[in-house]
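Please look over the sequence and the fold shown below before reading on. The report then takes up a few topics in turn.

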Amino acid sequence: MDDFVLLAGSANPGLARAIAAYLDHPLHQGETLRFSDGNLFVRVPTNVRGRDVFLVQGTAFPVNDNLVELLFWIDALERASAASVTAVIPYFSYAKGDKKDEPRVSIRARVCADAIEAAGADRVITMDLHAPQVQGFFTIPVDDLYALPVLCDTIRAADVPDLVVVSPDAGFAKKAKRYARRLGAPLAIADKERSDHTESATVVDLIGEVRGRTALIVDDFTVSAGTLTDAARVLVDRGAAAVLALVTHAPLTEQAVERLAASPIERLYVTDTVEAGPVELTDRIEVVSVAGLFGEAIRRIARRESVSVLFD
C-alpha cells in the first residue's frame with residue numbers, strides 16, 4: 001500500500017527530508033539545473049512508471065522560478081508514465097490573487113491552478129491557503145491542510161500565561177476563533193486598513209480586552225511583517241503584558257526582519273513550509289515543523305484513506 005515514490009524538487013529539501021523521515025520512506029532528490037540564461041532543466045532520478053508519485057515543491061522565494069520548476073516536474077513525471085502525480089505545495093504563494101477586485105487585473109491563483117492541471121497533476125496537497133476558495137479553481141482534488149494543531153501544541157508547550165488570541169483583521173477572525181477555541185482563550189480583533197498593493201497596512205482599532213494578558217497574534221502568512229508589528233504596538237498601547245505572533249507561512253523580507261527586531265513581539269512562531277528567502281531568520285523567530293501533517297496526509301492518500309479525519 002505504501003509503494004509510492006516521494007520526490008523532492010529544489011524548493012523544500014529540508015521539509016521533504018523531514019516528511020521522508022516521518023514516513024520512514026525513501027526520498028528521491030530530483031535534479032534541477034539552472035542555466036546562465038535563466039532556463040530551468042529537471043530530471044526525474046528514478047523509474048516511476050505505473051507508480052503514484054508525491055512531488056514536494058513549494059512556490060516560495062524565488063516564486064516564479066519555483067512555480068515553473070513545479071510545472072516542469074509534473075510534466076516530466078507524466079511523460080515518465082507515472083500512474084498519478086500529487087503536487088505537494090507547502091506554500092501556494094499566488095493564492096492571495098483569488099479575485100478580480102479592480103479593473104484590468106489577473107486572477108493569478110486561477111491562472112496557476114489552470115497551469116498545474118494542464119501540466120498533468122492529478123491532486124494537490126497544500127497548507128493554509130490564504131483564500132480557501134482557491135480549491136474551487138481546480139477540477140482535481142485539493143487537500144488544504146491546517147497548521148493549527150501543530151502550532152497550538154507549540155503554544156501549549158510554551159505554557160503561556162493569561163493568553164488572548166488576536167486576529168490581525170476582521171477577515172481572519174473566523175480562523176482566529178478556531179485558534180482561540182483550541183487554546184481555550186478569549187479572542188480580540190484588530191481593525192486593519194489597506195489602501196494599495198505596497199504590502200503594508202495600518203491597524204486603526206482593536207475590538208476586545210487585552211490589558212494584562214499575553215497577546216498572541218495569529219495569521220496565515222506574513223511577508224513584510226507590517227500588519228504584525230502595527231498590531232503589536234496597538235496591543236502594547238492597550239495594556240498587553242506581552243506580545244507573541246504565530247503564522248503558518250513566513251516568506252520574510254529584509255524589511256520584515258528589521259521591523260520584527262524593532263517591535264514589541266517577543267517571539268514569532270512560523271512553520272517550515274518556506275525554507276529559502278533573501279534573509280536569515282533571527283533568534284526571535286522559532287520554526288515549527290509541519291512535516292508530520294504532510295507525511296500523514298501522504299500516507300492516507302496513498303492508502304486511499306480519509307485526510308479530513310486528521311482535523312476532526
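Which unit do S5, helix H2 and S6 make?

## A strand, a helix and a strand

In this predicted model, strand S5, helix H2, which covers residues 63–79, and strand S6 together make a β-α-β unit that is right-handed. The two strands of the unit, S5 and S6 (residues 84–89), pair in the parallel sense over five bridges, and among the residues that take part is Val-53, whose bridge partner in S6 is Val-85.

## The surroundings of S5

Strand S5, made up of residues 52–56, is mostly covered, since four of its five residues are buried. S5 also runs parallel to strand S1 (residues 5–8), to which four bridges join it, and here Leu-6 has Phe-54 in S5 as its bridge partner.

## Cysteines

The count of disulfides in the model comes to zero, by the rule that a pair of cysteine sulfur atoms must lie within 2.5 Å. Cys-112 is buried, with a relative accessible area of 8%, and Cys-152 is likewise buried, with a value of 0%.

## An enclosed space

How many cavities of 30 Å³ or more does a search of the whole structure find? The search finds one, and the largest cavity has a volume of about 40 Å³.

The residues that line this largest cavity include Ala-11, Asn-12, Gly-58, Thr-59, Phe-61 and Asn-66, as well as Thr-273, Val-274 and Glu-275. Taken as a whole, the lining divides into five nonpolar residues, five polar residues and one charged residue.

Note on methods: Residues are numbered from 1 along each chain as its sequence is written. This is a predicted model: local features need pLDDT of at least 70, side-chain atom pairs count only at pLDDT 80 or more; totals for chains, interfaces and linings use all residues. Side-chain values use heavy atoms; hydrogens and water are left out. Buried means under 20% relative accessible area, exposed over 50%, partly exposed in between (1.4 Å probe, protein chains only). Two strands pair if DSSP finds at least two bridges between them. A crossover is right-handed if, with the strands pointing away from the viewer, the path from the first strand over the helix to the second runs clockwise. On a 1 Å grid over the protein atoms alone, a cavity is a set of points where a 1.4 Å probe fits but cannot get out, and a pocket is an open set with protein on both sides within 12 Å along at least five of seven lines; lining residues have an atom within 4 Å of a point. Grid points are joined across faces, edges and corners, and a volume is the space filled by probe spheres set on the points. Ala, Val, Leu, Ile, Met, Phe, Trp, Tyr, Cys and Pro count as nonpolar, Asp, Glu, Lys and Arg as charged, and the others, Gly among them, as polar.
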